[in-house]
Amino acid sequence: MSRQWRAVLLGLARRNVPGSMDADSLDELERLAATDGIAVVDRLVQVRDRPDPATYLGSGKLRELAELVDARQADLVIAEGELTPAQVRGLEDGAGVRVVDRTRLILDIFGEHARSSEGKAQVELAQLAYELPRLRGHGREMSRIGGGRVAGGAGIGVRGRGEMRLEIQRRHLRRRMRALREQVHRTDRRREVTRQRRARSRIPSVAITGYTNAGKSALLNRLAGADADVADVLFATLDPLVRQVGTPDGLTYTLTDTVGFVRRLPHQLVDAFRSTLEEVAQADLALHVVDASSPEATEHISTVRGVLRDIGAGTVPELLVLNKTDLADPDRMTALRRGHPGAVAVSARTGEGLDDLRRALREHLRALPPPASAGKHPTAEGTQGEGTS
C-alpha cells in the first residue's frame, strides 16, 4: 500500500476584498482533500492586497511555506485560490514540492468518481480545458494528484516523453477535446430525446439538487426505493440517476439525482456538465436538499441557487428540503425554519419527515400548469404504490 499524500493548505486573504478568505473556505478545502485521499497536516494564510504574480505569496511568506513543508514532511501544497502557471512554478520552486490549486483538486475528485462513459467523457473534457492553457515544457507530466484514472493511464492521456514538444502536446490535446465534445454531443442528443419522450407521456419531472454531501442520493433511495450509492464524501454522485415514482393516489413522476455543487464550482466543470445540469433546468420541480446540520447551511442554499441561475434553472419551482435533522442543532433548525418557512424538514437516514415531504411533493406537482408545448399534465394515472421502474 502506498503512503498517503500529506498536504499543506494555502490561503490568501486580500485586504481590500472582504470575505476573500475565511476559515470556512479552508475547512471545505480540507474536506475536498480528504475526499481525494490526502491528509492535511497544516495550513498557512497570507494577507496581501493582491496575489504576487510570480509567487502568489511574496518571497517572505514563500520561505515560511518552505519551512512548514519541510517541518511537516508534506508532499503537496494545495492553494485555495486558482493559480496561474507562473504562480505554480514560483511556489513549486520555492517550496520544493508539487503545488495544485482548488480547481485542479476538484477536477481530480470528479475524475476519481466518474463511473459512466458519459461522466468520464465530461470530466476528461473539463480536465483538458483546464490543462491546455497551463501546458509547460521540460517534460513535466500532467498527472493526477494521488492516483486514480489519470495516473492509471485512462484519463487525460498525455503522459508523454520528456522530449515531446509543447506544440505537439497541444495539438494532441485539441484533437482529444474535439473527439470528447462529439461524444458528449451524441449523449446530449440521446438525453434530449428521453426528455421529449417523458414530456409526451405527461409525466412531470423532479430533479434533486443541492450542495454536495447534502444527502441527495439517500433521499432518492427513500423516495423511489432506488439503490444509489450513498457515501459521506464530497461528489459521491456524478452520473444522473432517474427513477419513476408512483403514489397511492395515482400521481406518477420521475425523480432525478444530479451532481452536487460547491462554492466556486470550476467553470470547466459547469461547461462540461451543462447537459447533465440541464436536468434541473428542464425539470418541473427542483427538490433542493440542504444539510441542515451544517453550520454553513444558509451559505450552501445561496450557492446552489446561484449555480441554478447560471445554468438557466433559476425560474424552476423549488421545494426546499432540510435534511439530516437527526444531526442538526435544534437552534440551527429553528433559525432555518424561520428563514425558510416553506421548507420541509426530514432525515433520509431515519425516515423522519418523509411523509410530510411526499405530501408536499404531491401538492407542488398537482399545482403545476401543463406546459403548452409538451401537453404535459401533472396527474398522470396508472401507477399504484411507490417504487421504481
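Author: A salt bridge is a side-chain nitrogen of Lys or Arg within 4 Å of a carboxyl oxygen of Asp or Glu. Here the side chains of aspartate 291 and lysine 324 form one, at 3.6 Å from N to O. Aspartate 291 belongs to strand β8 (residues 285-291) and lysine 324 to the loop between β9 (318-323) and α11 (330-339), so the pair ties together parts that are 33 residues apart in sequence. Helices (H or I, at least four residues) and strands (E, at least two) are DSSP runs, numbered from the N terminus.

The model is predicted: local features need pLDDT of at least 70, side-chain atom pairs count only at pLDDT 80 or more, and totals for chains, interfaces and linings use all residues. Residues are numbered from 1 along each chain as its sequence is written, and side-chain values use heavy atoms, with hydrogens and water left out.

Reader: Are aspartate 291 and lysine 324 buried or exposed?

Author: Buried means under 20% relative accessible area, exposed over 50%, and partly exposed in between (1.4 Å probe, protein chains only). Both aspartate 291 and lysine 324 are buried.

Reader: How many salt bridges does the structure hold?

Author: There are 15 salt bridges in the structure. One of them joins the side chains of glutamate 82 and arginine 134 at 2.9 Å, N to O. Glutamate 82 sits in the loop between β3 (76-79) and α3 (85-95), and arginine 134 in the loop between α5 (117-131) and α6 (166-200), so this pair ties together parts that are 52 residues apart in sequence. Glutamate 82 has 42% relative accessibility and counts as partly exposed, whereas arginine 134, at 18%, counts as buried.

Reader: Which residues are linked in a network of salt bridges?

Author: Such a network links Glu28, Glu80, Arg102 and Arg263.

Reader: How are two packed helices described?

Author: The description uses the angle between their axes and the distance between the axes. Axes are lines fitted to C-alpha atoms, for helices over the stretch in contact, and angles run from 0 to 180 degrees between N-to-C directions. The axes of α7 (residues 216-224) and α12 (residues 354-366) come within 11 Å and cross at roughly 80°. These two helices, α7 and α12, are therefore roughly perpendicular to each other, a class that covers 65 to 115 degrees, with angles under 35 roughly parallel, over 145 roughly antiparallel and the rest oblique.

Reader: Which residues of α7 and α12 meet?

Author: Contact means heavy atoms within 4.5 Å. Leu219, Arg222 and Leu223 of α7 meet Leu354, Leu357, Arg358 and Leu361 of α12.
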